[in-house]
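Welcome, and here is a short briefing to read alongside the structure. Take a look at the whole chain before moving on to the details.

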Amino acid sequence: MKTYKSLTWMALLFLASAAGAQTKNIYHKGWVDFNKNGKKDVFEDPSKTIDARVRDLLSQMNLDEKTCQTATLYGYGRVLKDEMPTPEWKTKIWKDGIANIDEELNSLPYNKKAVTQYSYPFSKHANAINTVQKWFVEETRLGIPVDFSNEGIHGLCHDRATPFPAPVNIGSTWNKDLVYRAGSIVGREAKALGYTNVYAPILDVARDQRWGRVVECYAEDPYLIAELGKRMTLGIQGQGVAATLKHYAVYSVPKGGRDGQARTDPHVAPREMHEMFLYPFKRVIREAKPMGVMSSYNDWNGEPVTGSYYFLTELLRKQFGFEGYVVSDSEAVEFLSGKHHVAENYKQAVKQTIEAGLNVRTHFTQPENFILPLRELVKEGSVSMKTLDERVADVLRVKFRLGLFDDPYVKDPAASDKKVHTPADEELAVRLNRESMVLLKNDKSLLPLNVNNYKNILVTGPLATEVNYTTSRYGPSNNPIVSVLEGIKAFAGKTAKVSHSKGCEVIDAKWPESEIIPTELTSEEQSQINQAVTEAKTSDIVIAVVGETDEQVGESKSRTGLNLPGRQLQLLQALYATGKPVVMVLINGRPLTINWENRYLPAILQAGFPGPSAGKVVAETLFGENNPGGKLTMTYPKSIGQIELNFPFKPGSQAGQGKNDDPNGNGKTRVLGALYPFGYGLSYTTFELSDLQLSAAEINNQAGIEASVTVKNTGARKGDEVVQLYLKDMVSSVTTYESVLRGFERVSLNPGESKTIKFTLQPDDLAILDKNMNWTVEPGKFQVMIGTSSEDIKLKKEFTVLK
């Protein structure tokens, strides 16, 4: 591949432009003559303020050019048919520019139409993006550069980029620094490949375990989501690219946890909306200044979010201070007329959304579907030019902030081969996987397994060889994957015989109906289980890898039951009946109701949905090379009948039925309590928390307070503990949550080692929404609680906020 290191980027572009239709050199020292008028306009002058540059450029734009900055062009294999610019582009709607191009030349996984020669090597992609960008700069009248966007919720959605585990696993690390570093990798790789905007992080609060997209969320708790989302955003944007938060707002609790077309009608009260579902967006917007927000296609209180002035302008911009641009989730505009029926036709839906505050419409259809109706609306006077100018200005402002009007190209494409998916990046991705492992049960310290003690190891279960969960529609593709069976063979195969028997399929032929109408096992299913049992009888230990695949959890894959699908429980019961110790490895994208498994099996490791190093990391964890220190970020219910069952919760809302829980209690009609609570996770070592100290016994309502606690590794192995701080408002003017998470720190300690952890509680951490829906720090007593889960509280101490 040709290397351009010896040439400056301006010289390269001059040579390229001379060969094309543009005969005039528009590239000058320190500026680009985007409008090709031979002089340095204000918008072309890097020394001018962004606002001045936006005003100047807007003043030069005609209606066609303005409306073209309100739509997305989906990239090659989605909507765009051409890998490279063609003469026909001069006849397309984007001859007057485009706001952004999404997923361009990334070889999107699971879409064969999107496979392209330009995705890899990485330098070839950077050069290709430069070629596309050059067309827009040189062949459109004003030369407005494109914002190249791409997904990136667990690694950049690009061929062979660095792959991280699913967001639900990232959350389970509870490691703020590691999440920041992961975000930095995503941002650096995006920048090197030519992407300027990453659709990440997801800030949805996953409160319904049945929901399909739980796997894409960090947690059920808004504080944990805000802390990790903030770090991911800062990491991405620290590399000079935009982060676009999603999905705003109240998206993650559709009625009954349903998905697909039913993503609507969340039953959320106003106070809960602000305290729970808007909290992460408000905090990340204020503290990390993301340049993008994606509006969701659900409604709230009868008002579709993407057509809501309240959500897109009053809250987002005026209250939260958002200064970027809003892009719609796919089909959100169309849903106003097609699903919500608040607009009589699509044209009226366009009017509602643009007036509400939407900047850019995104959908898997041609961009003119939005642009042409918008032009008609402006010409008719139905949408004012002032409104259009405001929407376009937001888009241009982000492009100026990204530096696209100063240096629109990847400077050194050849260097991208050394900047994307480096050995150090891969090691960090593996570390994320390691730290996301959660040990759920470990009777009599069966784990970690001593590889020298087991000569015959059976690996069974339908997930032992499955790998599809390691790659998703929203992440990197085409990376080498290690299955759990392969990982165990690589780790233990030299000292033990590792055999394999599948045992059963992930689902049965009648699933999911078989969850409500049980069916007899077929002869083939019984034979599979019998074969695994036969192998188990001659084995010293059984490792059963069970759970869900990408076919059972993900977008539009909500569930009505949360047990292991198919015949997996029958397989486990048959293996248990052999009397051999059974270690259960759970591959899951959501909490599951594994009650029998928890009661009878001696050891359970939650692997979640790890990345391509899945098998390597699971084996390391089972055999003790990695000491699991992850914690659950969602409550495990015992039954779907308990849902909603989450942390945080209001006093009494998840209480039992006895006299101790309820003054009228005498019922014994429900299964009560969580199977595993929020924040739960075991280790191969033990920890002790002591010496909780507060910096003051009394503070005023605008002061902060410090809490410190000592954590000690009292066991024989090095390990990680996540110290968790919960806060309880003892008396308040409105009901508040029983307690709220307001601090956490993951700490790694050697045997016998101690460390003092310090937390600072700011006024915002103490604030509640009062009767008038104002955020207020009320006087009174607060209790600081330190523990290792939301239920395992070790230390408590009170302080008072003075009047």
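The mean positions of the 95 positive and 95 negative charges of the protein lie 2 Å apart. Here Lys and Arg count as positive and Asp and Glu as negative, while His and the chain ends are not counted; each charge is placed at NZ of Lys, CZ of Arg, CG of Asp or CD of Glu. This is a predicted model, in which local features need pLDDT of at least 70 and side-chain atom pairs count only at pLDDT 80 or more, while totals for chains, interfaces and linings use all residues. Residues are numbered from 1 along each chain as its sequence is written, and side-chain values use heavy atoms, with hydrogens and water left out.

**Overall build**

- The protein has 21 helices and 27 strands, which are DSSP runs numbered from the N terminus (helices: H or I, at least four residues; strands: E, at least two).
- Its radius of gyration is 28 Å, close to the 28 Å that the globule rule gives for 803 residues, so the protein is as compact as a globular protein of that length. The radius is taken over C-alpha atoms, and the rule is 2.2 Å times the number of residues to the power 0.38.
- Along the principal axes, the C-alpha atoms fill a box of roughly 80 × 65 × 55 Å.

- Of the 803 residues, 62% are buried, meaning under 20% relative accessible area (1.4 Å probe, protein chains only).
- The protein exposes about 29700 Å², and carbon and sulfur atoms supply 48% of this area, computed by the Shrake-Rupley method with a 1.4 Å probe.
- Among contacts (heavy atoms within 4.5 Å) between residues at least 6 apart in sequence, 78% join residues at least 24 apart.

**Cysteines**

- How many disulfides are there? The count comes to zero, with a disulfide taken as a pair of cysteine sulfur atoms within 2.5 Å.
- The sulfur of Cys217 is 17 Å from the closest cysteine sulfur, in Cys157, which is too far for a bond.
- Cys217 is buried, with a relative accessible area of 1%, and Cys68 is buried at 0%.

- Lys230 sits in helix H7 (residues 222-237) and is buried, with a relative accessible area of 18%.
- Leaving aside neighbours within four places in sequence, Lys230 is in contact with Ile225, Arg283, Val284, Glu287 and Ala288.
- In helix H8 (residues 270-277), the buried residues include Met273, His274 and Phe277.
- The buried residues of H8 pack against several elements, among them H7, helix H9 (279-288) and strand E24 (768-769).

Methods. Buried means under 20% relative accessible area, exposed over 50%, partly exposed in between (1.4 Å probe, protein chains only).
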